[in-house]
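The structure comes first, and the notes follow by topic.

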Amino acid sequence: MTKHYKKSVPMLVQKHIQPSNETKQYACVLAFTNGVAGQDHYDTLLFELNLLLVAGQTDKKKKYAVEFATNELRPALESVKQRVKNTGKFGVNDDELLAIKKLIDFSREFWNKQTGQLYNFCVEQINLFYADTQKRAANG
């Protein structure tokens, strides 16, 4: 994947200007810990998973993000999704909660080492994918 990022402030600066991502992640942990998680919490974690998958494919040195997302986070989210189908509730077991907690640490460490441009590029790519998916779903 070639690097065509829009100019932006460095990631550490961007995180302090708009700290909402990490705040949302902490809110997800609290919601799942306290048994009050909902679709919005699941969607936040899924978005974070997708961010890591896109970022990890931009450079061989970032491949470890794909490995974390695939091996640690995806199984937990798939289990939560299956639980919702079976019970209608967004619950987690201890291993799944641990994976969600690991996401916060991994994500913070990963994104602190990246440029704001890469982050914005990844968000843009995911939003394009989501828009395309919604468009195809609407067209049948």
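F68 counts as buried at 9% relative accessibility, where buried means under 20% relative accessible area, exposed over 50% and partly exposed in between, with a 1.4 Å probe and protein chains only. The model is predicted, so local features need pLDDT of at least 70 and side-chain atom pairs count only at pLDDT 80 or more, while totals for chains, interfaces and linings use all residues. Residues are numbered from 1 along each chain as its sequence is written, and side-chain values use heavy atoms, with hydrogens and water left out.

**Aromatic pairs**

- The structure holds nine aromatic pairs; rings of Phe, Tyr and Trp (its six-membered ring) pair if their centres lie within 6.5 Å, and planes under 30 degrees apart count as stacked, over 60 as edge-to-face and the rest as tilted.
- F68 and F106 form a stacked pair, at 4.1 Å centre to centre and 5 degrees between the planes.
- This pair links distant parts of the chain, with F68 in helix α4 and F106 in helix α5, 38 residues apart; helices (H or I, at least four residues) and strands (E, at least two) are DSSP runs numbered from the N terminus.
- F106 is also stacked with F110, at 6.1 Å centre to centre and 5 degrees between the planes.
- Both F106 and F110 lie in helix α5, four residues apart, about one turn of the helix.
- F106 is buried at a relative accessible area of 17%, and F110 is buried at 1%.
- A cluster linked by ring pairs takes in Y64, F68, F106, F110, W111 and Y119.

**Nonpolar core**

- The largest nonpolar core has 35 residues, and those with the most contacts inside it are F32, L45, L51, L52, F110, W111 and C122; such a core is a set of buried Ala, Val, Leu, Ile, Met, Phe, Trp, Tyr and Cys residues joined through side-chain atoms within 4.5 Å.
- Two or more residues of this core come from each of α2 (20–33), α3 (39–56), α4 (63–87), α5 (94–112) and α6 (116–138).
- Helix α3 gives the largest share of the core, nine residues.
- Leaving aside neighbours within four places in sequence, L52 is in contact (heavy atoms within 4.5 Å) with A65, V66, F68, A69, L103, F106, F110 and W111.

**Helix crossing**

- Two packed helices are described by the angle between their axes and the distance between the axes.
- α3 and α6 pack at an angle of about 115 degrees, with their axes 9 Å apart; axes are lines fitted to C-alpha atoms, for helices over the stretch in contact, and angles run from 0 to 180 degrees between N-to-C directions.
- The crossing of α3 and α6 is right-handed, a crossing being left-handed if the near helix is turned anticlockwise from the far one by less than a right angle, and right-handed if clockwise.
- On the α3 side, L46, F47, N50, L51, V54 and A55 meet L118, Y119, C122, V123, Q125, I126, N127 and Y130 of α6.

- The structure holds zero disulfides, a disulfide being a pair of cysteine sulfur atoms within 2.5 Å.
- C28 is buried at a relative accessible area of 1%, and C122 is buried at 0%.
- T44, in helix α3, is buried at 17% relative accessible area.
- Not counting residues up to four places away in sequence, T44 touches K24 and C28.
- D94, in helix α5, is exposed at 66% relative accessible area.
- D94 and T33 are 61 residues apart in sequence and 9.3 Å apart in space, C-alpha to C-alpha.
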